Structure formats: structure tokens, C-alpha cells
Amino acid sequence: MDRFMRASTRKKRDYLMDVALKLFVERGYEHVSVDDIIAATQTSKGTFYHYFEGKDEILREIPRKQMELIQVWCSRTPSQVRSLESHVNRLMLDLAEALGAYRRLIRSWIALSMQNESLKAAMEELKQTLYESLLRWLPEPGKAKMLTTAYFGTVMLWCAIEEETNLTERMREQLAWVWTGLRHNKEAEPILLEAERKGEHNMKVAIIGGGLAGLTAAAYLSEHQGIEGVLFERSPQLGGRAFTYEKAGFTLNYGAHAIYGIDRHTIGDLERELGLSFSSKQVDKRRVMYYKNDQLTPAPLDFVNLMRTELLNPIQKMRFVGEITAIIANIHNVRNYDTLGDYLAQSDADEDVKELWEHLVCSNFFITPEEARKVSGAVISDYYHNLFLSGRPVNYVLGSWAVITNQLKQKIDLTSRWEIALREGVDGIRYADRKFWLQTKTRELEFDRVIFAMPVQQVCKLLKDTPWEPFMAPYEDNTATEVMVYDIGMNRVVARPFSYISDMDNKLFISDVSATDHTLVPEGGQLLQGIAYLNDSFEGEDERKAYLDKKTEQMEALFDQHYPGWREATEVKRVSKKAMVSSVKNIASNRLLPNRIENVPFYFCGDGCQGKGELAERAFSSARLAAKAILEEMPQLQRA
């Protein structure tokens with residue numbers, strides 16, 4: 001804040017800030033908007049933004065006020081201080097008292113300071129100011145650092161614990177222990193650890209969610225004798241969105257069981273490390289077609305199809321070959337752009353080349369062109385670097401996802417140390433007696449570690465009103481990738497002109513799943529799966545319904561055009577108008593959930609988490625990372 005600000009201006013700014021902070025305390029930072037602050041202060045939006053860049057800036061007043069207290073403390077001279085220890089304690093307790101009435105707000109401040117660069121810088125400045133100020137009075141870096149760590153650690157602990165406690169009293173207790181150590185003048189000695197005896201104590205792990213990620217994590221952990229656990233799944237079956245069922249002889253998946261770049265996919269690691277066994281078959285690249293402006297043309301999946309396609313003229317084809325080569329070499333410029341849209345806006349490529357890039361991202365990320373332009377350039381570069389190097393770009397697991405989920409379940413069942421709890425959702429979680437207590441409708445169990453293997457939105461919901469809620473704030477507005485799925489099982493093959501057709505004009509595609517995987521249909525049958533990329537911004541329910549009805553009409557028109565007679569031959573039809581493909585759209589405005597979040601004692605995995613690849617591969621890879629992280633906490637175990 002400008003120290004030369006006029007008194008009247010400063011008074012107005014302080015009033016806005018005080019009202020905003022009061023609202024943050026009463027309602028929670030996340031639930032107060034700028035409009036709420038404007039209404040409460042009876043000012044205008046222009047006035048608010050004259051004093052503040054946004055509501056984040058108001059939170060910067062917290063570290064600023066803490067630094068003011070430190071500056072006042074530093075202004076005292078040694079002749080004014082009777083006891084160094086009491087002088088330091090006075091600072092720590094004054095700082096704690098200044099925060100003590102605002103625990104909910106401080107939670108939000110700490111959580112946001114880990115995500116917002118401006119708040120993060122303010123937090124680091126406060127830490128450095130406290131450390132350097134203590135160093136002036138206590139010229140031993142180790143001791144100054146210990147006191148700084150004790151202060152921030154106590155504040156963190158105060159924010160995380162469930163019961164209401166007085167921060168000043170908690171700080172007083174912690175300082176007593178800290179000074180017990182600081183009063184010794186000897187150099188710090190290594191801490192002593194008693195070696196754990198193998199088999200004496202089992203680590204107990206809870207996994208919440210029985211989809212691909214939860215099953216994968218449990219399968220890895222179940223191989224080790226020192227770990228036991230429970231896999232909780234709210235629904236009556238495992239697999240999550242990879243759930244498979246049979247109807248009239250047809251095997252239907254909730255979505256495709258296609259795997260992109262299987263030879264470079266994490267599923268290869270799972271097959272080798274967990275002893276899985278499954279077969280797959282590659283989609284015939286020569287029978288993958290694009291449909292645009294009433295014309296069919298081969299999709300440019302490789303050099304042969306690229307030369308055959310009519311989407312690009314010869315010069316454009318050479319340009320696209322150059323771009324693919326750059327992606328493979330990991331030197332493509334898209335890596336350096338925030339989003340695909342930024343790259344396309346500055347690229348000198350022809351519009352047809354740009355449209356092809358856009359369509360490729362649509363089809364692999366299952367999103368609309370508008371959203372494709374919001375995908376990070378680095379994400380696109382890494383993804384296509386792997387995919388273009390693959391010798392098997394699109395494969396189907398023969399027999400569907402059930403082949404893999406059944407094997408993972410079997411591996412978990414082989415040990416008596418693990419329980420699979422179907423139809424048992426976790427409704428609450430708390431920390432007490434150094435254990436995590438999970439509540440379901442029928443019981444409460446204690447665990448040493450917890451893995452969340454569920455959509456990010458459900459994680460945020462379960463952790464609401466817990467000490468960890470503020471740390472989930474950056475992820476609670478993540479949006480899911482949803483598509484319309486239109487499955488048709490027919491009693492005969494009505495037509496088989498290609499194995500895949502993508503309608504570039506209407507942003508939808510149809511896969512002849514049974515052309516690649518004959519195990520999914522009764523003898524002589526055919527299974528088609530249509531997918532439509534969906535927008536999710538509508539003025540109201542009527543507009544959304546009209547949009548979905550139009551997509552249904554477009555899909556059926558595509559069936560009519562290329563699979564005549566499908567209506568009469570249909571035995572099984574299933575239309576899911578908003579099927580979740582991934583719990584997080586991997587676009588710039590969303591944040592993938594890390595496997596670990598600082599100050600949150602849980603592990604996270606799933607297709608909405610950070611990991612290799614997209615869609616199912618992120619579920620597999622993030623679960624593998626979470627399981628291996630827990631295993632690293634048990635060095636006494638011999639890993640397979």
C-alpha cells in the first residue's frame with residue numbers, strides 16, 4: 001500500500017478491506033464474490049477496482065499486517081529488551097494473536113498462497129522477513145530457521161485440526177518445546193530411530209473409489225505383506241466409467257475401451273509389473289475416415305494416409321509432415337505456447353492445417369473445438385510426441401475393460417489382507433489419535449493412509465467442512481469432459497464401409513467397435529458406437545435440451561447415411577446424453593489434481609489427476625504413482 005496515500009483515500013480503502021475480511025470470515029473466502037463486497041459497502045465496481053486488482057489482493061493484507069508487527073518489534077533496541085527469549089516470544093505470540101480470530105480465513109489464505117503466484121510471493125516475503133528479523137537478534141541461522149519453522153508449522157497445524165483451539169495458547173506450548181532445544185549450545189545431533197521389526201505392524205490403507213485408478217492402486221499394494229486395506233466403492237459394481245455389462249449377447253461399455261499408443265502406454269507397465277494378461281487388436285488405419293463438406297477422405301494417421309487424404313493439398317501435406325516431425329523430435333513450437341489457440345493465432349500455416357490440428361485434439365481429448373483451443377501447448381506436445389512415435393496408435397482391448405478390471409479384482413482377492421466393500425460409500429473422514437477415521441453408513445474404520453481414487457468433484461465434496469477443504473479450493477471448479485454416447489447393437493452386419501468415421505462438420509464420430517473386437521457381439525452381429533463432443537455452456541435447461549436433441553438428430557443422420565438399415569436391425573440401443581469421459585477437461589482453466597498436495601495428508605489418483613497421457617492412461621499412471629509413493633514409506637518391504 002502506498003505510504004503517501006491521502007488520509008481520506010486510505011480510510012476508504014481500509015473500510016473496503018475491513019468489510020471484505022469480515023465477509024470472508026463469516027462466509028468463507030471462496031463463497032464471497034467481488035459483487036458481494038460491493039453490495040456490503042454500497043460502493044461501485046469501479047471504486048472497488050480502483051483500490052484492489054481483485055479479491056486476492058485483499059488477502060495480501062494478512063502478510064502485510066504481520067510484517068508491520070515484525071517491523072515494530074525490530075524497532076526496539078537491545079537496551080530496551082530485558083530478555084532475548086521473552087522478546088522473541090512476545091513477537092511470536094503477537095503474530096499468533098493477530099491471526100487467532102480468523103482460522104477459516106487463514107486456511108483459505110494458506111491454500112491460495114500455494115496456487116496464486118502473487119499470494120505465494122507475499123507468503124515467501126513474510127517468511128523471509130521473519131527469518132531475517134530473528135537472525136538480527138539471534139545470530140545463528142539454524143536457531144532462527146527453527147523458530148521460523150515453528151511459527152508457520154504451528155499456524156498450519158492450527159488450521160488443519162478439527163477441534164476449535166486457541167492459536168496463542170498453542171503457540172505458547174510449542175515455544176516451550178522449541179526453547180528447550182534452543183537453550184542447548186551443542187551442535188544438533190542426528191535423531192535416533194528404532195528399526196521397525198518386519199511383520200510387527202501392518203500399514204492399513206483405505207482406497208475410496210473402485211474405478212480403474214482405485215483397482216490399480218489396490219492391486220499394487222495388495223502384493224505386499226506389510227499392507228492391508230479396504231477398497232470402498234459406492235456402486236454395486238467395480239470399474240467406474242469402465243463398467244461393462246451384457247445385454248442380448250452384446251457387451252456394452254460406458255464409453256470406448258480404445259487405448260491410444262498402446263505400445264507406449266502405462267498399461268504395458270501394469271501388464272508386466274502386475275502379471276496381467278490381455279489381448280488387443282489394432283484398428284485398421286486404412287479404414288479410418290474423415291467426413292467433411294459431404295466428402296469422405298482417409299484420416300492422416302500415418303504417411304500413407306496423409307498422402308491419400310484430400311483434406312490438404314500437396315503443399316499443406318508437406319507442412320503437416322514437418323509439424324509431425326517437429327513433434328516427434330520434441331522441438332515443435334506449440335510446446336512454448338500457453339494454449340493451442342495461442343499457437344494457431346500466431347502460426348503462419350494454412351487454415352486447413354490449423355483445422356486439422358484442432359480436429360486431432362478434439363478427437364483425442366473428446367472435446368469441442370472451442371475447448372481444444374484452450375488445451376495447454378505443452379500437454380499437446382507431450383501427448384502427440386508419444387502418439388506419433390507409436391507403431392500402434394489405436395487399439396481395442398479384446399473383451400472390453402472387464403478383462404482388465406476382472407484381473408485387477410482377482411489379484412486383490414488373492415490376499416486375505418484386503419477387503420472390497422461394494423455398495424459402501426465413504427460419507428465422512430476425520431483425523432484423531434494419529435489415525436484417519438472413515439465413516440460409512442454402517443461402520444467407522446481407522447487407517448494409516450488414504451487414497452482418493454474418484455472424480456475431483458467428488459473429492460472436493462467429501463472434504464468439504466474438513467480442515468483440508470481450503471486446500472481443495474483451486475480444484476473445486478474443475479469441469480468434466482462429457483459426451484453423448486449412442487450405442488447400437490444389431491442382429492446383422494448392415495454395412496462395413498470403414499471402422500471409424502469422424503464428421504468434422506458436426507464434431508461427432510462413429511466407431512464400428514465389432515470390426516476390431518468381434519468378441520463383443522453374438523455371431524453375425526454388429527456393434528456401433530457414436531460419440532458427440534458437447535458444449536456445456538447454456539443459458540438454461542431448454543437450450544441445453546434443444547442442443548442435445550440436435551446432436552441426437554445429427555448422429556442418427558450419420559448412421560442413416562453410412563449404415564442404411566440400422567434401424568430395422570437394431571436389437572440393443574443405449575443413448576447416454578451426458579456421459580462423463582474424464583472427470584477433468586485438460587484445459588488451461590482447469591487444474592489437474594496432484595498425487596500429493598502440500599499440507600494435505602492424502603494421496604490422489606484418477607483421470608482428473610496429474611499423470612502420463614490422457615483419459616484412462618492418467619487413471620492408470622496416477623494410481624501407479626500413488627501406490628509406489630506409499631510403498632516408498634515402507635523401506636523394510638522387499639518390492640517386487
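Is leucine 408 buried or exposed? The predicted model gives leucine 408 a relative accessibility of 0%, and since anything under 20% counts as buried, that residue is buried.

## Around leucine 408

Leucine 408 sits in helix H19, which covers residues 402-413. Leaving aside residues up to four places away in sequence, leucine 408 touches Leu215, Thr216, Ala219, Leu274 and Leu276.

For a sense of distance, take alanine 122 as a reference point. From leucine 408 to alanine 122 it's 286 residues in sequence, and 47 Å in space between the C-alpha atoms.

## The whole chain

Zooming out, the protein has 640 residues, and 54% of them are buried. Its secondary structure comes to 24 helices and 20 strands. If you want a box for the C-alpha atoms, roughly 95 × 65 × 45 Å along the principal axes will do.

Now for the contacts. Taking those with a sequence separation of 6 or more, 70% are between residues 24 or more positions apart.

The largest nonpolar core holds 89 residues, and the ones with the most contacts inside it are Phe24, Leu147, Leu438, Phe452, Phe602 and Phe604. Helix H9 (residues 141-160) is the top contributor, giving nine residues to this core. The core also draws on two domains, with at least three residues from each: domain 1 (7-183) and domain 2 (205-246 + 400-477 + 588-638).

Not counting residues up to four places away in sequence, leucine 438 touches Ala206, Ile208, Phe232, Val426, Gly428, Ile429, Arg443, Glu444, Leu445, Phe447 and Val450.

## Helices H7 and H8

A packed helix pair is described by the angle between the two axes and the distance between them. For helix H7 (residues 103-113) and helix H8 (residues 117-137), the angle is about 105° and the axes are 8 Å apart. Angles of 65 to 115 degrees count as roughly perpendicular, so H7 and H8 are roughly perpendicular to each other.

Which residues of H7 and H8 meet? On the H7 side they are Trp109, Ile110, Leu112 and Ser113, and on the H8 side Leu119, Lys120, Met123 and Leu126. By type, the residues of this H7 and H8 contact divide into six nonpolar, one polar and one charged.

Technical notes: Residues are numbered from 1 along each chain as its sequence is written. This is a predicted model: local features need pLDDT of at least 70, side-chain atom pairs count only at pLDDT 80 or more; totals for chains, interfaces and linings use all residues. Side-chain values use heavy atoms; hydrogens and water are left out. A nonpolar core is a set of buried Ala, Val, Leu, Ile, Met, Phe, Trp, Tyr and Cys residues joined through side-chain atoms within 4.5 Å. Buried means under 20% relative accessible area, exposed over 50%, partly exposed in between (1.4 Å probe, protein chains only). Helices (H or I, at least four residues) and strands (E, at least two) are DSSP runs, numbered from the N terminus. Domain bounds come from an automatic or database domain assignment. Contact means heavy atoms within 4.5 Å. Axes are lines fitted to C-alpha atoms, for helices over the stretch in contact, and angles run from 0 to 180 degrees between N-to-C directions. Angles under 35 degrees count as roughly parallel, over 145 as roughly antiparallel, 65 to 115 as roughly perpendicular and the rest as oblique. Ala, Val, Leu, Ile, Met, Phe, Trp, Tyr, Cys and Pro count as nonpolar, Asp, Glu, Lys and Arg as charged, and the others, Gly among them, as polar.
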